Amino acid sequence: MENENASARGTVFVQTNEEGQNHVLVFGRSADGALSGPARVATGGRGDGVPHLTSQGSVVLTGDGRHLLVTNAGSNDVSVFSARDGDLSLVATVPSDGEAPKSIAEHVGLVYVLNAGSASLVGFRLAEDGLERLAGSEGAVGAGADPAQVGFAPDGSRLIVTDRGTNSIVVYSVEADGRLGDAATSPSSGPTPYGFAFGRGGTLVVTEAFGAEKGKAAASSYRVAGKTVEPVSRSIGNGRSEICWAVVTADGRYAFTTNFADGAVSCYAIADDGSITLENPVAGAAVEGRPGLRDEDLTSDGRFLYAVDTDGGKIVGWAVEGGRLSALGSWNGLPRTAAGLAAS
């Protein structure tokens, strides 16, 4: 029983995004989902010090759980931590070779950093001493771009970027050596495509903030065919506002999205054919109607969902059962500049 309880524990990581010196806040997670802490660990870089960092993927656990990657938007670099057994130690802080890095994607040691300020992508290989620059891996998102998130397709063969500036989704092929092939750009079903995650059968679920119009938040689903995305369900609204971040349960059946403007977590069901339906517009909430709910992640065992409530200065947690959420509580200690969240 003791070993079972130990394996059910985990860690939640959030970056402070402080301008002087960025830190990672490390919360211990007990078997029942309660958090303790936080401990503060310096990243060796600087945040931009601005609340509400556009940060889907700014704090990322590698697929094997051995490393934590954190963007430092103020100093244009990325911190690499060893994260074994929840113990966090800084390995290296590496230049991102661009401006304002805000999102990271990792697949089997291949890492791409999205530099939002320069609308560029740069590739690296994860190494014991940090990140090794992958020569010839640079990619430009495009003219007029305002990129939000970068992420790999489940098999690592393609790299996806959502672009709010041109209301489009950009897909790059990933070559055998890790470098990027040519990009293809497809229109988003709705305006302001933001966060995304992959569901069952490789379904791509993308949130749409609709230019922050009140009550217009939506999500769309797509099939990724080669380097293009083909719409399946277009702009399924949830009646909320400023939807931004998305995560999908381990079985690929449900997507949970956070709505920044009104504090709600919405749930979408994902069907075998890639279509999505709104399961519950308010599956959970921080404080109903209050803005601030942002970055979110599911624990590695899928039992708990945590989200950053920056305006409330706390992390909010829920127990997960299928597409249903049960409130666990909240834990204080976040500055208003806090951004990014990863959970194990």
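1. Basis. The model is predicted: local features need pLDDT of at least 70, side-chain atom pairs count only at pLDDT 80 or more, and totals for chains, interfaces and linings use all residues. Residues are numbered from 1 along each chain as its sequence is written, and side-chain values use heavy atoms, with hydrogens and water left out.

2. Cis peptide. Glycine 37 and proline 38 are joined by a cis peptide bond, with omega at about 10 degrees. Proline 38 belongs to strand β3, residues 35-42. Strands (E, at least two residues) and helices (H or I, at least four) are DSSP runs, numbered from the N terminus. As background, most peptide bonds are trans, and most residues other than glycine have a negative phi.

3. Asparagine 167. This residue is not a glycine, yet asparagine 167 has a positive phi of about 50 degrees. Its place is the loop between β14 (158-163) and β15 (168-174). Asparagine 167 is partly exposed, at a relative accessible area of 32%. The classes are buried under 20% relative accessible area, exposed over 50%, and partly exposed in between, using a 1.4 Å probe and protein chains only.

4. Phenylalanine 210. Here too phi is positive in a residue other than glycine, with a value near 50 degrees. Phenylalanine 210 sits in the loop between β18 (204-208) and β19 (218-225). With a relative accessible area of 19%, phenylalanine 210 is buried.

5. Sheet. Four strands form an open sheet in the order β4-β5-β6-β7, with antiparallel pairing. At its edges are β4 (59-61) and β7 (89-95), each of which pairs on one side only. From one strand to the next the twist averages 20 degrees; axes are lines fitted to C-alpha atoms (for helices, over the stretch in contact), and angles run from 0 to 180 degrees between N-to-C directions. Two strands pair if DSSP finds at least two bridges between them. Strand β6 (residues 77-82) and β7 run antiparallel and are joined by 6 bridges. Serine 79 has threonine 93 in β7 as its bridge partner.
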